Amino acid sequence: MKTLANTPAWKALSEHLDAMQATSLVDQFERDERRYEKFQLTAPGWFLDYSKNHINDESMQRLVALAQAQGVPEKFAALFSGDIVNPTEGRAALHSALRYQGNEPIRVDGSDVMPGVRAVLDRMATFSTKVRDGAWLGFTGKRITDVVNIGIGGSDLGPLMATEALQPFAHAALKLHFVSNVDGSHMVSTLKKVNPETTLFIVASKTFTTIETLTNANTARSWFLESDAAESDVAKHFVALSTNAEKVAAFGIDTNNMFEFWDWVGGRYSLWSAIGLPVMLSIGPDNFQRFLQGAADMDEHAKNTPLAENMPVVLALLTVWYSNFFGTTSHLIAPYDQYLHRFPAYLQQLTMESNGKSVHVDGSRVSVSTGPVVWGEPGTNGQHAYFQLLHQGTRLIPADFILAAESCNPCGNHHELLIANCLAQTEALMKGKPTSEVVAEMQAAGVSTEQIDALKTHRTFDGNRPTNTLLTQRLDAYSLGALIALYEHKVFVEAAIWDINPFDQWGVELGKQLASAIYDDMQAAVQAGKPVSSHDSSTNGLINRINSLRNHLA
């Protein structure tokens, strides 16, 4: 294929770069009094101000031309039509069907998937209502008070993040817990908080073979049976999110309590499927429907809105602009909402597992950077931690600030202070504080010339740091659904521009294979009383030292 950096659209942006680097953001605002009005967008549930970026009208025209040249509209059409957009695994990626609200059929391999999707959602709603209403009873006749979700990756991060984000809408008598790490401490510490008589376990594994999930599930099952429960009682306290009925039944789970999802649903895009059962249990079927509606409306926006007015497209183009032309390597997510404290971690998986690729769809090596590191924590906590690096560090780090105009928990002037801090940070990152202003302030405060000379550069802020601000009325099920779908489509557009496959994750598979081999070698070495020698010298040495420290080898 033609090298991306040699395409006319890419070259046009390269030629434009010097002009944008030579002009500060402050100058851009001074030159164009309509800048804020020009560089803003609305989409379902959200408003975007992207005026504090190193762009002008020409920048956006050239960026949109890149999206057009890379076939973003056509690739969107293929995504929503159920075409095979994951060629390395021969699959569609039709997570949008899971939240589709229309009446038209959506086909995968010629079959309409919507009847199956809606049947599972109906079964989830029936089950959730029974648990929430106290009609689903444990083996001693008591109602369920705690739900433990056992999964990993997309079967954990999505429902955990959404359940935390929607805490204001949670069932008052139902506590949700999430176990993902195969580190036994995660499971043991969780089991200390719950009672076997009143706990429901959700085992989330499509194949019911994921080693971390099954290890944790078997530990939970053993703990449950160590109470007064019988084998037959497992069916009252365990349900499965899976497609492997045989293994589910062998575990002791009634397959009537197995909720299905499909191969065309990738793990990190599966929150909208049966994987969202913990969310529905927490917020109820009606709120879960609003959650799906928000995402569905964002799908329609992404699918039908012209590129220049398309929020996920614009956000993706800005990421490409900074990653590939300004040379940035990371992207900050700063939610100014405590309920979104797991959202940066969720986006880490969505972005880095999707676009952490080094080959094009056809298998040839990429010639430009892909997949920036995504990181973050809620504001205002971050202001007292990593914001120092944002303001005065040597790295340029684009950032998304996420804010709600209204709090779900009005409390004195807390939310007004939160808003003020959020807006102050984006203004400070843009404007900075020039040395002349620092000197004037210090002189007005009566600081000596000697002290001023010693401190002025330490108090100088270069500014010119780009940010986006995403604003919603209030964080609720609808706006959260729309926000997640917004970033899903943003990631897809980035992949479309870079011509990479965002739907496979072979790097994850490699780690699983090697972990299995090392586990087997560790056990064999203990049984034989001999050191391991089948790996590289470092891995061999570490295995043998660990076995020795655990008193397995002399």
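Within the largest nonpolar core, which holds 121 residues, Trp-264, Trp-321, Phe-343 and Leu-480 touch the most other members. A nonpolar core is a set of buried Ala, Val, Leu, Ile, Met, Phe, Trp, Tyr and Cys residues joined through side-chain atoms within 4.5 Å. The model is predicted: local features require pLDDT of at least 70 and side-chain atom pairs count only at pLDDT 80 or more, whereas totals for chains, interfaces and linings use all residues. Residues are numbered from 1 along each chain as its sequence is written, and side-chain values use heavy atoms, with hydrogens and water left out.

- Not counting residues up to four places away in sequence, Phe-343 touches Met-161, Ile-333, Ile-402, Leu-483, Ile-484 and Tyr-487, where contact means heavy atoms within 4.5 Å.
- A second, separate core has 23 residues, among them Val-203, Phe-208, Leu-214 and Met-258.

**Trp-272**

- Trp-272 lies in the loop between strand 9 (258–259) and helix 12 (277–283).
- The relative accessible area of Trp-272 is 1%, so this residue is buried; buried means under 20% relative accessible area, exposed over 50%, and partly exposed in between (1.4 Å probe, protein chains only).
- Leaving aside neighbours within four places in sequence, Trp-272 is in contact with residues including His-95, Arg-99, Leu-121, Phe-288, Phe-291, Ile-484 and Glu-488.

**Helix 1 against helix 14**

- The axes of helix 1 (residues 8–21) and helix 14 (residues 311–326) come within 11 Å and cross at roughly 85°; axes are lines fitted to C-alpha atoms, for helices over the stretch in contact, and angles run from 0 to 180 degrees between N-to-C directions.
- Helix 1 is therefore roughly perpendicular to helix 14, on a scale where angles under 35 degrees count as roughly parallel, over 145 as roughly antiparallel, 65 to 115 as roughly perpendicular and the rest as oblique.
- Helix 1 contributes Trp-10, Leu-13, Ser-14, His-16, Leu-17, Met-20 and Gln-21 to the contact, and helix 14 contributes Val-320, Trp-321, Asn-324, Phe-325 and Phe-326.

**Helix 21 against helix 22**

- The axes of helix 21 (residues 506–528) and helix 22 (residues 537–549) come within 11 Å and cross at roughly 50°.
- This angle makes helix 21 oblique to helix 22.
- Ile-518, Met-522, Ala-525 and Val-526 of helix 21 meet Thr-539, Ile-543 and Asn-547 of helix 22.

**Backbone exceptions**

- Most residues other than glycine have a negative phi, and most peptide bonds are trans.
- Asp-109, although not a glycine, has a positive phi of about 55°; its place is in the loop between strand 3 (107–108) and strand 4 (111–112).
- Asp-109 is exposed, with a relative accessible area of 73%.
- Phe-208, also not a glycine, has a positive phi of about 60° and is found in the loop between strand 7 (199–204) and helix 9 (211–225).
- Phe-208 is buried, with a relative accessible area of 4%.
- Gly-379 and Thr-380 are joined by a cis peptide bond with omega of about 10°; Thr-380 is in the loop between strand 11 (373–375) and helix 16 (387–392).

Notes. Helices (H or I, at least four residues) and strands (E, at least two) are DSSP runs, numbered from the N terminus.
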